[in-house]
Amino acid sequence: MSVRRSLVWLGLTPEPEQELPAAVAALRAPAAGRPAPALITAERRRVERLVLRGTHRDWLRYLGEVTALVVRAADDPHASGRGAALLAAEVVLDHHRMLIGLPGSGYDRTAAQRHALERAVARLTPSDAPAEPRSTV
């Protein structure tokens, strides 16, 4: 018996696989500063396993964990890794927004995460950061 596995979610964007391992390792690191290379390598392997062997549901569960780390960092103004949290928030938020173009319920299932990430981005963005130009098209 053959089980057909949908792989359409793998074509969304490569940024999560490229950007998240170092950012998530920084968020998981117990001390301030750069995470140990071993933590980054472990996170990269975890993401690789998810992409190569996981399901869309597994991937969304992982991104839910990342969202929780981001929200925790955003809630603590003294937390280390706020830059890593902002990067991770933006990457996951972009990913979740793109789910609207895929079949299935992924976009609806990530609505609460999108809202939490939007709030986290607002708290993590430095007040002196230049505003991004808005498109007039």
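In which helix is A89 found? A89 is found in helix α4, where helices are DSSP runs of H or I with at least four residues, numbered from the N terminus. The structure is a predicted model, in which local features need pLDDT of at least 70 and side-chain atom pairs count only at pLDDT 80 or more, while totals for chains, interfaces and linings use all residues. Residues are numbered from 1 along each chain as its sequence is written, and side-chain values use heavy atoms, with hydrogens and water left out.

**Confidence**
- The protein chain has an average pLDDT of 83, and 80% of the residues score at least 70; pLDDT is the predictor's confidence in each residue, from 0 to 100.
- Confidence is lowest in α5, with a mean of 88, and highest in α6, at 96.
- Over residues 133-137 pLDDT stays under 50, and the model has zero contacts beyond four places in sequence for them; contact means heavy atoms within 4.5 Å.

**Residue A89**
- A89 counts as buried because its relative accessibility is 0%; buried means under 20% relative accessible area, computed with a 1.4 Å probe on protein chains only.
- Leaving aside neighbours within four places in sequence, A89 is in contact with V70, L117 and V121.
- A89 and L117 lie 28 residues apart in sequence, with a C-alpha to C-alpha distance of 5.7 Å.

**Packing of α4 with α6**
- The axes of α4 and α6 are 9 Å apart and pack at an angle of about 145°; axes are lines fitted to C-alpha atoms over the stretch in contact, and angles run from 0 to 180 degrees between N-to-C directions.
- Residues of α4 in this contact include A85, A89 and L93, and those of α6 include L117 and V121.
- By class, the contact of α4 with α6 has eight nonpolar, two polar and six charged residues; Ala, Val, Leu, Ile, Met, Phe, Trp, Tyr, Cys and Pro count as nonpolar, Asp, Glu, Lys and Arg as charged, and the others, Gly among them, as polar.

**Packing of α1 with α4**
- Helix α1 (residues 15-28) and helix α4 (residues 82-98) have axes that come within 9 Å and cross at roughly 145°.
- Among the α1 residues that meet α4 are L20, A23 and L27, and among their α4 counterparts are A88, V91 and H95.
- The residues of the contact of α1 with α4 comprise 11 nonpolar, one polar and two charged.

**Helix α3**
- The buried residues of α3 include W59, L63, V66 and V70.
- The cover over the buried residues of α3 includes α1, α2 (37-53), α4, α5 (106-109) and α6 (111-124).

Methods:
Helix = DSSP H or I, 4+ residues; strand = E, 2+ residues; numbered from the N terminus. Buried < 20%, exposed > 50% of the residue type's maximum accessible area, 1.4 Å probe, protein only.
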